[in-house]
Amino acid sequence: MAASLYLTLLVAIPLFGGFIILGIEEARQALARKLALVFTALAGFVALAAWAAFNPASGELQFVVKLPWIPALGVDYFVGLDGLGLAMVLLTALLVPMALLTAPRNAPPLQLALMLLLQAGLFGTFTALNFFHWFLFWELSLIPAFFLIKLWGGPERGAAATQFFVYTMVGSVALLLSFLAIFLATGVLDFIKLADLAQKGELAADLAAKLGWPQLSAGTVSMIIFGGVLLGFAVKVPLFPFHTWLPATYAEAPTSTTMLLTGAMSKMGVYGFLRILAPIFPEQMRQAQTPLLWLAVGTIVLSAAAAFAQRDLKRILAYSSINHLGYCLLGVFAAAGAGAGAVGVNNVERAAALSGVIVQMFNHGVTAAVLFCFVSFIENRADGLRGRDDFGGLRKVAPVFCGLMGIALFASIGLPGLSGFVGEFLIFKGAFSLAPWAAAGSTLGLLVTAVFLLTLMQRVFQGPLNPRWAGFADLTFRERLLVLPAIVLIFVLGIYPQALIGLTNATVIRMAREFAL
Amino acid sequence: MNWIVQNLWLIPGLPLLAAGLSALLKQRERTAAATLAIGSMGLAFVLSCVAFAHTLGGHGEETRHVFNFDWFQLGATSLKLGWVLDPLTAAMLVMVTFVGTLIFIYSVGYMAHDENFTRFFCFLSLFAAAMLGLVIANNLLLLFMSWELVGLASYLLIGFWYHKPSAAAAAKKAFITTRIGDVGFFLGIVWLYSETGTLLFYDNGHGCLEASALTKLVSMTVGGGVVVATAISLLIFCGAVGKSGQVPLHVWLPDAMEGPTPVSALIHAATMVAAGVFLLARVYPLLDVDPLNIAGRSTALSVVTWVGAVTALFAALIAVAQNDIKRILAYSTVSQLGFMMVGIGTGGVAVGMLHLITHAFFKALLFLGAGSVIHGCHEEQDIRKMGGLRAHMPKTFATYAIGMMALSGFPFVFSGFWSKDEILHEALHWDESHWPFYMVALGAVLTAFYMSRQMCYVFFGKYRGTAHAAAAHDAHQPVKHEAKPAKGKKGPQAKGNHAPAKASSRTPHESPDVMTIPLVLLAAFTILLVLVATPVWPWFHGYLSGHAAEVRVSELFAWDKLSVIGLSIILVSVGVAAACWLYWLKPVTRADSVDALEQLRPDVIGFLKQQCRVDEFYEATVVRFNAWAAVASDFLDRWIWGGAVKAASLAVLGVAWASRFFDEFGINLGFQKGCDGFAGAGGLLARLQSGRIHDYLRVIGLALTVLVLALVWGCRS
């Protein structure tokens, strides 16, 4: 298998698999399930092969394929992978099988097919480097997610699905319009070329010259275009105050879908910030740094506080997700918004923050997905009940369950030795010297996270056993196998983060250098 | 490099391995779990002794050996971790592993009837691993990581009897309260890292505690004349305040007594809570730098001294009014930690560390003794329901008395006397203020008082616990034996074993050898430590600073030492005499009689009994604020930000409806009319096109007539 085919196969396999399974009749669920697992496993193998063939010493794009697609519009089939993309591809390749296995055994073929299509969308987003091509997958991932929520979600699924779809669609439209404007001005849709233009300062000049808004200054025009792109990503991550769709969506979506939403889809937004927004709009990132940083602090602190007020386990974890991605945004804004700094000192800090962001993205993906997986186990045992105060004392009857979920929760709190700590430490290390007040303000989030997650453990696991759950079964062998890879990763990446950082470090160095220009 | 330096990681590594292995053990494999834990801890003790021997006889900086390695790449650099072997590390290692091993052995007896025996030893091993990791760390980050893991182990062990809501709440409170301090500590770490580019303490001149980094830190200010070094020191001190239970973050430590007593002895008396003091001793070079550049005097050290002095007095006051045997000891621990802080702040590393080490021995002894008492009195913890135990538990009494005398500071043969004496001495000679000295002196009086009071209540007089009271107590507080039905094969069996013992005697009984032998050993060391702690042969000071100590008997009779020694003796005597006057001369006879002191000043003692209502104060402020912030954030989300979105979507819907209305009833209707009009007109016109020649000719004729008339009319005008 030629290395250049990896990225194409990565998208093609789940896409093909998804369409095959769409054609399977409703009754043959077992077959559909097996096929879905086979396809996702195949895609997983391709991801592993790409990992094996990936050269971690190089920060440049690898496995690049660039073929003309619609030459008249400057549209190429352009894919490539660097350390950032690889981390996201590996995360997706890990989470989709987990989600497929978490989905109920009698899940209809359509549900599995949609999950595979979602995987194709995710892989496409993380590898495509031309706007047209990339946007196709960005939107492709939205459609299966919408149907997954709409068809198999909780009681309020209709409203949640619509809100999710419309809200993200508004973001996408803003994004699309901005890129149309960029295309009209420059005729380029290629991210790499656009970043080049931006570095040289030509992008802003082109936008001002060719868009024909004489009454607006060049800076304002660029800022408006920047705002459109920002909105698209800010909704996706989400950034406060564009986050209100998220708790409802995560709570109403079937839990296997929530695993993908929080584990992988939320990373699309942060990925967009790193791959697209920051390189193409470096000047605007700098100008808007202060408000953006405070929005990130708001995301971190207010979502943690709001999590404490929730009673539904899924809503608690949803807010916790917002909080954790807030740290990523803090790192991105601190790194992208800072000036060059004296003698490249800022580059060290920038590299720390960016490393932290990528590590946090990966680790949050694993931790959040496995936490929702545990919630689905609870739902299965409790007929869909999942209130924080509905249980109590479960540790007595389900010690393994509580032990393993406790490990994941402590990883989420950021306990050293588990995966969550490394990312947060690096982000704070970088952000503290680039944006000290924002970093200091964000530490409040670290505290409140501990408060609400420990309260969760106290109410669900500890105290006297609620007699209603005397028959609460401990983890079955199958369930243990399902969460095992995630738990192992939580330990491995907590103790030996080099396993992940080794892949991304060269990319981080390149990005830090580019952000400094 | 020496073998032990390269393999120092084995000391925390062995308990960690034991923790990992016993996590996989089944509930009934009790012997295996205990063997693993005690064996690994014993081995760690042996290795610690080897390490200790390696640090003996060195001079100055030679005594420090480091081993550093890359943890992960960080841009163009890498983050290095490492461990350090120096006298400070070695002394702590030996203390932690020795006390730890004894407490592990004791636990075999104390926890014998507990259903989760295996899990208990797993957590204990995890704790030991983290604590030892903290001690050997040569990197502030590694120290912080171990620090947090120690906190985790403490959380797990305080909440060990998780089915008790009070234990679960205490565990959470401990974790969160210490985390408040840790947030400051964390910021201090990232700040230090940013300024110096390294977190290694010692790295051949490049470490953050070495001259070049310190010079840099003291040359920058953060505004208001505060140098960066001071700011970072104070942030790091926040961590120590949380972990070592200093005011205002002391509230978790008394509640932590919900954990099993060996846990209180090991974690909440001897080792973990002392980690804050150890941390300050470790980063002392950083605390000590100040623009004025006087050794042992800096802003940061002043803050440490004041906080320590306030804590020492405040906690001792509260301890006077408590009736729970463990709670008295807990407040005593808080108070003694304050003494250590004062020692560090005024006298430097050796003064604080000496009290840390001696305190570890006698406080572990006291807690284990208290555990033995509680065990012997059938899980009774209220000292008013004890009394006269001297006769029933002679070994416990004798060892407890030694611990009590060491803590109170009985002169000469008890190590506690000398270590406390030294703190008083340094505080007296502190040139900034005398108030800290007055505070710790009063604290020393109170210490002697509350410990004597406790002795009178527990061991003297008559036994006041009744079978009835004990039975009632067992019924409402099923600590370890009941509340654990069915699950696991050992549960019912264990209960069965213990039940006859309970039924046969309601009188107190002495604990088994597995519990008393550790007591005897700890008592022996409490006294033996005197050998290295006196001013005559200040071996410990010399060891920590890398100088050989000389025997100087004359030192003892120098006026400034002798005066403080005399003062110490007076302080202790006052405290003991007051307690004897109140509790010995008029022994307490009934469990429900009002405390002698409370009869004197019910208002003051009542307030102290309620622990100065600090918990209530936090409940009314911090906790309420947190709850309020949560509700406010939730409200903002649901109604303001979410509301804005909903309003926008409603507006869009409104526009859509309006446009539909307009389309259907406006445009469509108009269009319809227009169309109808066209159709009508078309029909009209179509009628004209009838195809009948006569009609056409008629129209043409008519038109011609009109045309002719019009022309004629036009010409005429």
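Chain A folds into 22 helices and two strands, where helices (H or I, at least four residues) and strands (E, at least two) are DSSP runs numbered from the N terminus. Its radius of gyration is 22 Å, close to the 24 Å that the globule rule gives for 517 residues, so chain A is as compact as a globular protein of that length. Here the radius of gyration is taken over C-alpha atoms, and the globule rule is 2.2 Å times the number of residues to the power 0.38. This is a predicted model, in which local features need pLDDT of at least 70 and side-chain atom pairs count only at pLDDT 80 or more, while totals for chains, interfaces and linings use all residues. Residues are numbered from 1 along each chain as its sequence is written, with chains lettered from A and ligands numbered from 1 in the order in which they are written.

The C-alpha trace of chain A spans about 70 × 55 × 45 Å along its principal axes.

Chain B, with 31 helices and two strands, is another story. The radius of gyration of chain B is 39 Å, well over the 27 Å that the globule rule gives for 717 residues, so chain B is more spread out than a compact globule. Its C-alpha trace runs to about 155 × 65 × 55 Å along the principal axes. Buried residues account for 54% of the 717 in chain B, and 77% of its contacts between residues at least 6 apart in sequence join residues at least 24 apart.

Where the two chains meet, chain B puts in 40 residues and chain A 46 residues. On the chain B side, strand E1 (65-74) and helices H6 (140-158), H7 (165-196) and H30 (614-688) each supply at least two residues. The largest share, 14 residues, comes from H7(B).

Now for helix packing. In chain A, the axes of helix H7 (residues 157-186) and helix H9 (residues 202-210) come within 8 Å and cross at roughly 85°. Axes are lines fitted to C-alpha atoms, for helices over the stretch in contact, with angles running from 0 to 180 degrees between N-to-C directions. H7(A) and H9(A) are therefore roughly perpendicular to each other; that label covers 65 to 115 degrees, with under 35 roughly parallel, over 145 roughly antiparallel and the rest oblique. Leu184(A), Ala185(A) and Thr186(A) of H7(A) meet Leu203(A), Asp206(A), Leu207(A) and Lys210(A) of H9(A).

In chain B, helix H2 (residues 10-23) and helix H5 (residues 117-136) have axes that come within 8 Å and cross at roughly 155°, so H2(B) and H5(B) are roughly antiparallel to each other. The residues of this contact are 14 nonpolar, four polar and no charged.

Methods: Contact = placed C-beta atoms within 7 Å. Nonpolar A, V, L, I, M, F, W, Y, C, P; charged D, E, K, R; others polar. Buried ≥ 20, exposed ≤ 12 C-beta atoms within 10 Å, placed from the backbone.
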